[in-house]
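Student: Could we go through this structure together, one question at a time?

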Amino acid sequence: MRALSRAFAALAAVGVTATGVTALISAPALAEPGTVVISQVYGGGGGNGAPFTHDFVELFNRSSAPVALDGWSVQYTSATGTGNFAANPVVPLSGTLAPGQYHLVQLAGGANGAALPAPDTVGTINMSGSAGKAVLVRSADGLACNGGSTACTPEQTALIADLVGYGTANYYEGTAAPGLSPTTAGLRKDHGCADTDVNGADVETGAPAPRNRATAPAPCGGEPSPTPTVTPTVEPTPTPTVTPTVEPTPTPTGEPCQIPATHQIAEVQGNGDASPLVGKTVRVEGVVTGDFQATNQLSGFFLQDPTPDADPATSDGLFAFARSSFKDVKVGDRVLVTGKVVEFNGWTELSPVTAVDVCGTGTVTPTRQSLPRAEGATFEPVESMLVTFPEPLTVTDHYNLGRYGEVTVSSEGRLYQPTDRPGVSAELNARRSLLVDDGSSAENPQTIPYTDPRVVRLGDTAVGVTGVVGYGFGKYRLQPTKQIRFLPLNPRLPVPLPVVGNVKVASFNTLNWFTTVGSRGATTPEEQQRQLAKLVAALKGINADVVGLMEVENNGQTAVQALVDALNAEVGAGTYAALAHPHPGTDVVQVSMIYKPAKLRLVGATQSSTDPVFSRPPLIQTFRRVKGGQPFTVMVNHFKSKRCDDATGPDTDQGDGQSCYNARRILQSKATLGLIDSLELPNPMVLGDLNAYGEEDPIDTLEAGGLSSVTKKFVPAPLRYSYLFDGLSGELDHAMVGKQLLKRVTGATIWHINSDESRITDYNTEYNPPGLYRPDAFRSSDHDPVIVGLTIPGGR
């Protein structure tokens, strides 16, 4: 089974202290029933009173199909220590385990007891006789984690096939298995078949009873219980250009099958981007690897050559545009296909097809691929071939999930904007990514993939992604041939992580909260109420003492007051009040600010700026705690967007990755610093959607002017993002403070309720499946809120 670690939730749950020290809190792992499991653990070998001379781990195949153990390993670490799995000897495995078959792994030993039955694998791990953590790993590399003091990353977790934590172990499935002794082992119930994902329920103590491959197989009573995921086999050293193994079993069924192929598929594909045989009618032979013949799919099928050539630059796969109404085929059919070679928008295929003859059966082993691709390499050499990616691949984009059934996955975790942080390469981002389609050309498909049991989030991860490589709309795209199950490694946090302090300040872009229906935002009264419910849930969860808001309709106090009234109806009358903007500007949206009068009192008048550089002028207010103490000032900003509408001169895209109007945003940053100086604002905090990523010129300008990013200081880099654009995560929403106030910042977090969520879960009713809407905080906007904790001295 695959263990799903709550350690990733702990990675998300990063607490920040006043000194800026990040604490990761590890938690037990969850798991899902799978194929090969640890059926017995014993760590008392060779000790006083021990019945056997050696420790051992026993494995068992509880599925109904053989499972190859090549490239897998058994690993171990102590129950609560700081050593990682990799710090102990890794025991590599090999061979194939038949259904119901056992595999005995002999480990370290001593002088007392009887010899074990003949072991199938020998290792030197010295296990504890009472408490420890044993894992079965789909890799021969030691895991640099222990699930406790060092949490396992999503990529490491995805490689864990099974986990047994026993005794006082701090990493386990559900609850820990019972503690052991020199005379007792941990035995999986029902001779190894039990697997409810809870070690404490599945594993019981008893006299050690080691079983090996020679033991009579004891298959479980049918397939393991259906689960939300399919367990893929991960091999640790994928080779991108392995020639597929094809095993045809020709059984000619009539005269057409005697008409031979005129060309190999490799000849049709050629070694370039386009076929050298375009316009010619050819007859090719292959095995069907992907059946997408339905009219709501791709109206054709993929076939792969049973006698591939030796040139790695030529693909051995081809797409035939032929619906089932012409000739229905199925995966595994050996076919001879006649058709005209065309380049359909860059995709080599046969169209029209004039003959499809089924002449037997065959099998094709997927060609192993890995990401990132080599520099300069594309998927052209494997176009239309059956491929598999054994490594963990992480969802990094789901913008078109609802519209086209697409997600983009990437190796080595999600992708970030190159201008958001150091060390990110746009070119490497492209080589790390893979577009996964749904085998359909339908827009707004009736069935949207990856929405059950919950809608996939950015950061969720799958292993063993397998399919055929198609091409369309300028991109290579994988059409899955087996269901992809994403491990939910990025769980929703129901509330933001706590920030320490006596004042909490937040920034939140509302994504066009308008009371004027049909302008921006909601297009119907129903959508408006759905939007309002989500915004209220988000603000209730943020629970800040002062919140800077962006993209609120510029209609005086109407829109912001409607939001405050709805929020107060949930949290209590008078809890929040809205400031009036003295100069909201002429844009259709304005920035706003709401605060808790019971916590904060206003110091001086609300201020703004008439500088024409601001299309959406800032809103400025100084506060003091009701109980007294030092004042601090919040300046809410919404800088010019990156859209290129009407951009001229220096505001046009300069090709540096910062898009349009960067020059304008630099001027807005300078004007912001000027306001701080000219108005003599005490302890300033600049909040808002600055439409600039973390390492772009406008942020550099603010930092050069004496402001510091609190998220750069307090939020770990993997979690420092608030927005998704074009499959890349980055931070557009910022909180920047002056030198003195920085000393008072005691915590910061970004609550990932929006950027990780698919837009099919928002308030819109057009196209979104109605069953996915919830009146909660998730996908209340497209920007994540930023939350800052301050400890303001003085007062009571």
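Student: With the bonded cysteines of the protein numbered in sequence order, what is the pairing?
Tutor: Keep in mind that this is a predicted model. The structure holds four disulfides. Counting their cysteines in sequence order, the pairing reads 1-2, 3-4, 5-6, 7-8.

Student: How confident is the prediction, judging by the mean pLDDT of the protein?
Tutor: A pLDDT of 70 or more is reached by 91% of the residues, and the mean for the protein is 90. As for the value you asked about, the mean pLDDT is 90.

Student: Is the disulfide of Cys193 and Cys220 left-handed or right-handed?
Tutor: The sulfur atoms of Cys193 and Cys220 lie 2.0 Å apart. Cys193 is in the loop between β15 (185-188) and α3 (199-202), while Cys220 is in the loop between β16 (203-206) and β17 (249-250), 27 residues apart. Both Cys193 and Cys220 are buried. The torsion about their S-S bond is about -100 degrees, so the disulfide is left-handed.

Student: How many residues apart in sequence are the parts that Cys257 and Cys359 tie together?
Tutor: Cys257 and Cys359 are joined by a disulfide with an S to S distance of 2.1 Å, and its -95 degrees about the S-S bond make the link left-handed. Both of these cysteines are buried. Cys257 sits in the loop between β17 and α4 (265-269) and Cys359 in strand β22 (residues 347-361), so the parts they tie together are separated in sequence by 102 residues.

Student: And is the link of Cys644 and Cys660 left-handed or right-handed?
Tutor: Cys644 and Cys660 form a disulfide with their sulfur atoms 2.0 Å apart. Cys644 and Cys660 are each in the loop between β37 (632-638) and α9, 16 residues apart. With 90 degrees about the S-S bond, this link is right-handed.

Student: Moving to the open sheet, which are its edge strands?
Tutor: Six strands form this sheet, with mixed pairing, in the order β12-β11-β6-β5-β15-β16. An edge strand here pairs on one side only, and that describes β12 (121-122) and β16.

Student: Which residue in β6 stands opposite Val41?
Tutor: Strands of a sheet pair through backbone hydrogen bonds, either parallel or antiparallel. β5 and β6 run antiparallel and are joined by six bridges. Opposite Val41 stands a residue of β6, Val57.

Student: Is Thr53 buried or exposed?
Tutor: Thr53 lies in the loop between β5 (36-42) and β6 (54-61). Leaving aside neighbours within four places in sequence, Thr53 is in contact with several residues, including Gly45, Gly46, Ala108, Asn112 and Leu116. Its relative accessible area is 12%, and because that is under the 20% cut-off, Thr53 is buried.

Student: Why do the buried residues of α10 line one face of the helix?
Tutor: In helix α10 (residues 697-704), the buried residues are Pro698, Ile699, Thr701 and Leu702. Seen down the axis of α10, these fall on one face because they lie within an arc of 155 degrees.

Student: What covers those buried residues of α10, and which residue with a positive phi follows the helix?
Tutor: The cover includes α9, α11 (710-714) and β42 (733-737). Following α10 comes a residue whose phi is positive, near 105 degrees: Gly706.

Student: How far apart in space are Leu667 and Met635, C-alpha to C-alpha?
Tutor: Leu667 is found in helix α9 (residues 662-678). Its relative accessible area of 46% makes Leu667 partly exposed. Leu667 and Met635 are 32 residues apart in sequence, and their C-alpha to C-alpha distance is 16 Å.

Definitions and conventions
Residues are numbered from 1 along each chain as its sequence is written. This is a predicted model: local features need pLDDT of at least 70, side-chain atom pairs count only at pLDDT 80 or more; totals for chains, interfaces and linings use all residues. Side-chain values use heavy atoms; hydrogens and water are left out. pLDDT is the predictor's confidence in each residue, from 0 to 100. Helices (H or I, at least four residues) and strands (E, at least two) are DSSP runs, numbered from the N terminus. Buried means under 20% relative accessible area, exposed over 50%, partly exposed in between (1.4 Å probe, protein chains only). Contact means heavy atoms within 4.5 Å. The arc is that of the directions from the helix axis to the C-beta atoms. A disulfide is a pair of cysteine sulfur atoms within 2.5 Å. Two strands pair if DSSP finds at least two bridges between them.
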